[in-house]
Number of protein chains: 2
Amino acid sequence: MKGAFKKIATRMHQAEPETNFAFEFWDGDRVCFGDPSQPGAVTLRFKSPRTAKHIIANGFLGFGEAYMGGDLELDGDLQELLRLGICIGFDQPPPSPWQRFVFWVYRISNRNTCNHACQNVSHHYDRGNEFYSLYLDPTMTYSCAYFRSPNDSLEQAQHQKYEHIARKLLLKPGEKLLDIGCGWGGMLIHAVQNYGVSALGNTISHSQYEHARSKIKELGLEDKIEVVCEDYRNLTGKYDKIVSIGMFEHVGQKFIPVFMQKMDQLLNKGGLGLLHTIGKDKASVSDPWMWKYIFPGNYLPTPDEIAREMGMAGFSLLDVENLRLHYARTLDLWADNFERNAEKVRQMFDDVFVRMWRLYLRGASAGFKYGELRIFQVLFSKGLNSDLPMTRDHIYIQ
Amino acid sequence: MKGAFKKIATRMHQAEPETNFAFEFWDGDRVCFGDPSQPGAVTLRFKSPRTAKHIIANGFLGFGEAYMGGDLELDGDLQELLRLGICIGFDQPPPSPWQRFVFWVYRISNRNTCNHACQNVSHHYDRGNEFYSLYLDPTMTYSCAYFRSPNDSLEQAQHQKYEHIARKLLLKPGEKLLDIGCGWGGMLIHAVQNYGVSALGNTISHSQYEHARSKIKELGLEDKIEVVCEDYRNLTGKYDKIVSIGMFEHVGQKFIPVFMQKMDQLLNKGGLGLLHTIGKDKASVSDPWMWKYIFPGNYLPTPDEIAREMGMAGFSLLDVENLRLHYARTLDLWADNFERNAEKVRQMFDDVFVRMWRLYLRGASAGFKYGELRIFQVLFSKGLNSDLPMTRDHIYIQ
């Protein structure tokens with residue numbers, strides 16, 4: 001067991017010779033590169049041979065479970081350790097026959113049908129609005145922010161994200177906007193308050209639904225915004241503009257064409273849509289730890305899957321923007337807020353939960369910074385619309 | 001025969017009830033909708049039953065051949081007629097078994113190998129620089145311009161296109177730029193004069209090569225720009241930035257992965273590339289008239305094909321912009337220049353050539369305005385580059 005980790009440490013050192021780090025084993029043995037007392041250095045302690053075996057057998061799933069359970073201890077920055085892991089492809093091993101089997105079962109078992117989607121979404125989003133308010137900004141926005149300057153606050157950057165999307169969508173007074181997967185209602189409120197549209201949003205998370213409705217009532221916007229607790233497949237009506245922010249990840253590969261056809265049904269001819277989703281440049285197996293503990297049923301699409309299904313649905317691709325480093329920064333700020341409130345989270349849940357959520361937030365940030373995670377904003381029209389501005393200047397005018 | 005065209009005319013009228021048009025047949029019979037004496041009206045005259053039969057049997061290929069040969073006569077705006085045809089899908093019939101066979105033969109016969117590519121490119125681009133100068137702008141740029149304002153001149157818009165690309169590529173003094181398929185050298189000259197890069201361009205058109213070299217010499221830029229008459233597959237070296245404008249259309253579907261792998265070989269780690277290419281939202285059979293007479297061996301890719309092959313090559317997609325209406329305007333201005341010089345073109349070639357080239361220019365413009373043609377600028381990095389600006393503001397700053 002120790003031999004395998006000594007090899008891994010050597011590969012990490014070869015990939016990143018400047019980094020100071022050490023692995024310490026249960027019997028006091030250790031492997032060390034550079035000076036682990038330096039600032040930024042990382043020391044990882046394996047508390048038993050069992051832990052080491054579990055990681056070797058299960059890769060990142062095993063690592064995550066060992067970290068959650070306290071069988072791995074870390075001195076130093078978790079993200080630095082994750083960076084070293086990503087550098088040697090520890091997050092991307094060739095999938096084992098077992099993993100292939102699990103994903104095959106998934107594909108044929110339709111896990112994102114309406115019922116399953118509710119369970120999957122509830123697993124993540126119904127942990128209580130109080131919990132989310134401990135690390136999100138006051139707009140309760142749970143998706144990638146848009147930092148116009150490096151020092152923008154999280155709240156400012158979330159407002160800027162809504163504004164960036166509103167400009168791309170060319171929202172105009174009197175238009176009807178649909179927000180598929182509206183979360184806690186941030187985009188709906190921004191669009192109605194700043195652009196005079198009327199808007200419908202849907203969510204299948206009860207906590208989000210309750211929060212969004214009470215916030216809209218508090219702001220006196222009930223006559224302009226409707227929120228429904230409904231699966232996207234059950235939406236009806238016709239809209240001038242559609243937006244979907246950070247929801248497409250939950251649709252699942254099998255339902256991508258269904259999602260596109262639904263948007264086609266809901267959008268007026270010549271109307272604009274914007275899909276804001278995490279993705280990958282190249283298809284790969286979903287991360288099993290993230291799947292099991294954080295986002296069951298998630299699927300991160302590639303731009304080619306998105307573009308192909310948009311083309312099949314009769315949409316015309318107008319603009320794609322990759323905001324990768326914006327999501328890394330958003331996640332870092334969430335993780336910092338989370339750490340400040342870790343004690344409260346521990347009281348709400350337990351120690352294992354704190355470690356699990358920390359690994360999720362720091363791990364996702366590392367995925368955007370060093371790994372395979374991307375975030376795309378994809379703007380499209382239903383059929384051709386020749387009345388749109390010729391350039392993207394309108395997005396950038398002060 | 002007449003019955004078939006009367007049905008087509010009825011479908012056109014149903015699709016576009018406001019349009020005034022008439023079909024006149026060889027025997028004086030006619031079908032007419034609205035008032036063909038109105039401005040903007042179109043009258044199409046079929047000179048013989050043979051012409052009509054050829055069009056019914058061969059679709060747009062037959063129409064194009066009849067128009068070229070003078071067997072069809074037109075009063076009014078050719079593009080208006082093409083618009084009516086596109087409205088009823090005349091340009092997009094389900095491919096016949098014969099067309100399928102032709103494309104199957106194409107796919108297995110590797111028509112864009114180095115030798116075939118030279119023949120195909122020569123067919124279009126080696127018609128003499130004097131001919132192209134009759135309708136291109138003074139920069140001799142033969143690709144989609146970028147109109148910041150509706151009244152920009154063609155020359156101004158071509159400079160703006162180069163500038164738009166240079167900003168997307170974040171060109172910096174001292175960098176090495178490669179232009180794959182550099183045409184008459186416009187991008188190379190703009191980049192070297194405005195950004196202080198050193199540059200290599202390649203072309204396999206001898207006319208372009210001669211023109212580019214003499215222009216570069218005239219400007220005293222020989223120490224900064226090299227142009228080679230060489231297939232892209234034979235290029236070597238390492239570059240900080242790569243651009244390819246309006247050349248990818250000639251690569252052919254089979255060679256898309258080869259092209260991407262070649263860019264991967266040529267680009268430094270973290271370097272940026274920009275692919276500017278005509279494409280379609282959804283795959284369809286190539287237009288057989290365009291294939292036979294204008295661009296043999298051409299293939300118009302979909303964004304999903306581009307994104308997939310970029311992902312496979314290890315590129316990270318950063319930005320996609322669809323400039324559809326810019327190409328329509330570029331083609332309209334080219335076509336207007338062409339008409340002004342039609343008599344000179346007739347003397348260089350003949351009447352059939354004039355009609356052929358007119359149909360190509362007006363037809364392509366109609367394809368961008370009403371049909372399936374799109375133009376994409378796709379920006380990507382080789383692997384991840386975290387030193388890039390977080391926003392696209394730098395493209396739009398005055």
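Through which surface do the copies meet, judging by the interface residues of chain B and chain A? In this model, 100% of the interface residues of chain B are also interface residues in chain A, so the copies meet through the same surface. Here, two residues are in contact if their C-beta atoms, placed from the backbone, lie within 7 Å.

The model is predicted: local features need pLDDT of at least 70, side-chain atom pairs count only at pLDDT 80 or more, and totals for chains, interfaces and linings use all residues. Residues are numbered from 1 along each chain as its sequence is written, while chains are lettered from A and ligands numbered from 1 in the order in which they are written.

Now look at the interface. In chain B, 28 residues are in contact with 28 residues of chain A. Strand β10(B) gives the most to this side of chain B, with seven residues. Helices and strands are DSSP runs, numbered from the N terminus (helices: H or I, at least four residues; strands: E, at least two). Three bridges join β10 (residues 315-322) of chain A to β10(B), and the two run antiparallel. Two strands pair if DSSP finds at least two bridges between them. One bridge links A:Asp319 to B:Glu321.

Move to the sheet in chain B. Four strands form an open sheet in the order β2-β1-β3-β4, with mixed pairing. The edge strands are β2 (30-33) and β4 (72-75), each pairing on one side only. Inside the sheet, β1 (residues 21-24) and β3 (residues 42-46) of chain B pair in the parallel sense over four bridges. B:Glu24 has B:Arg45 as its bridge partner in β3(B).

Finish with two helices of chain B. Helix α13 (residues 324-340) and helix α15 (residues 351-369) pack at about 160°, with their axes 8 Å apart. Axes are lines fitted to C-alpha atoms, for helices over the stretch in contact, and angles run from 0 to 180 degrees between N-to-C directions. That makes α13(B) roughly antiparallel to α15(B) (angles over 145 degrees count as roughly antiparallel). Among the residues that meet are B:Trp334 in α13(B) and B:Phe368 in α15(B).

Note on methods. Parallel < 35°, antiparallel > 145°, perpendicular 65-115°, else oblique.
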